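Please open the structure in the viewer and keep the sequence at hand.

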Amino acid sequence: MPVNSTRDLLSSQIAPTLLSYREENTLACFISRLNRHGQSTPSRWSKSHPQAGAGSLDGSNKQMKLRGAYALYLYYPIAWAGRVMRTASRRMRGINRNSEQSTSLPKKAAWQLPGFFRPPKLAALHKKNGNVTISELGILAALASTCPNGSVLFEIGTFDGRTTLNLALNTAQDARIVTLDLPQGTEPEFELEIGEGHMVEKESSGDLFLSCNHLSTEDQSKINQEFGDSARFDFSPYHSLCSLFFVDGSHSYEYAKADSLQALRSVAPAGMVVWHDYGVWKGVTRALEELAAEMELDLFHIAGTSLVVWMRSDTGDLRFNHRQV
Ligand SMILES: C[S@@+](CC[C@H](N)C(=O)[O-])C[C@H]1O[C@@H](n2cnc3c(N)ncnc32)[C@H](O)[C@@H]1O
């Protein structure tokens, strides 16, 4: 077994710690360190892909799939169980955390989603404050792998490009992935949330897919990077076009609501919208619960994560009436 795979596997063996968000980052750091050690023996993939470079965290398809399997089949259930146990333990001890929000959207387990049982390829597992968790990354990648050939995927909120690059890894060669970020120094249309400054004020966006350390040039060429304020961006070319729309921009209520409406307009028949940070940021939680009630949308919350999903189940524009949006 290649050295990276052994280490990946080893790291997954130590996962049975019940993970909090902080512990998750520690584990991701550990995995990343193991992966970097593994680079002393160049993998077959990095030999045949010179663009992988000396700093590549990737590896062969097999290694990336092993990480996908780890994220979905080990990390996800453990992190979910950990959350449930922590919440129960706090309740028993009468501890009330401000950061814990009550949520009301119906829940589904990730294994009820399409693509779950075919491990996606994952790269760049190391999680920064602002990224999705490892389980969420696995779920998003698995969903992307179900998008048909020629799909357009849209992400609001590029940040360091970790999700974007994993969407690119798991889509057909002719897919297009558009990722939008707020340019530096822009006066936003709505007020941003206190606490999201570090995600907005950064030197650059999309470093992880721009660096060539994780993607082949073919996968990299699927990505279109856009800059603009989501409240002013012209989404009309994407209306009813996107197979997957990922909403992960500003967390203020105004932005969450406005971005969601754009996502709903842009999703193709049989496509899906995925939101991040439900139950984490109050503005996002409120916007999604309001939308579900006002528009009678069957939004569901992926248990053990902060993801919410809506699947457009019609094949035309009959059930989903754009007049509502
Ligand atoms: C939570 S981070 C996104 C994380 C990323 N999607 C991932 O999975 O790693 C939020 C991103 O949204 C961007 N953002 C915030 N307000 C925005 C706006 N009004 N329009 C576009 N992007 C925005 C921020 O600059 C930041 O890069």
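**First selection: H5 and H6**

Select Leu137, Leu140, Ala141 and Ala144 in H5, which meet Thr163, Asn166, Leu167 and Leu169 in H6; residues are in contact if their C-beta atoms, placed from the backbone, lie within 7 Å. By class, this contact of H5 with H6 has six nonpolar, two polar and no charged residues. Ala, Val, Leu, Ile, Met, Phe, Trp, Tyr, Cys and Pro count as nonpolar, Asp, Glu, Lys and Arg as charged, and the others, Gly among them, as polar.

The model is predicted: local features need pLDDT of at least 70, side-chain atom pairs count only at pLDDT 80 or more, and totals for chains, interfaces and linings use all residues. Residues are numbered from 1 along each chain as its sequence is written. Helices (H or I, at least four residues) and strands (E, at least two) are DSSP runs, numbered from the N terminus.

**Next: H4 and H5**

Now select helix H4 (residues 61-92) and helix H5 (residues 134-145), whose axes come within 8 Å and cross at roughly 130°. Axes are lines fitted to C-alpha atoms, for helices over the stretch in contact, with angles from 0 to 180 degrees between N-to-C directions. On the H4 side, the contact includes Gly68 and Tyr75; on the H5 side, Ile134 and Gly138 are among the residues.

Of the 24 residues around the ligand, select Gly157, Phe159, Thr163, Ser230 and Ser250, which come nearest (C-beta atom, placed from the backbone, within 6 Å). The shell around the ligand has ten nonpolar, nine polar and five charged residues.

Key
Contact = placed C-beta atoms within 7 Å.
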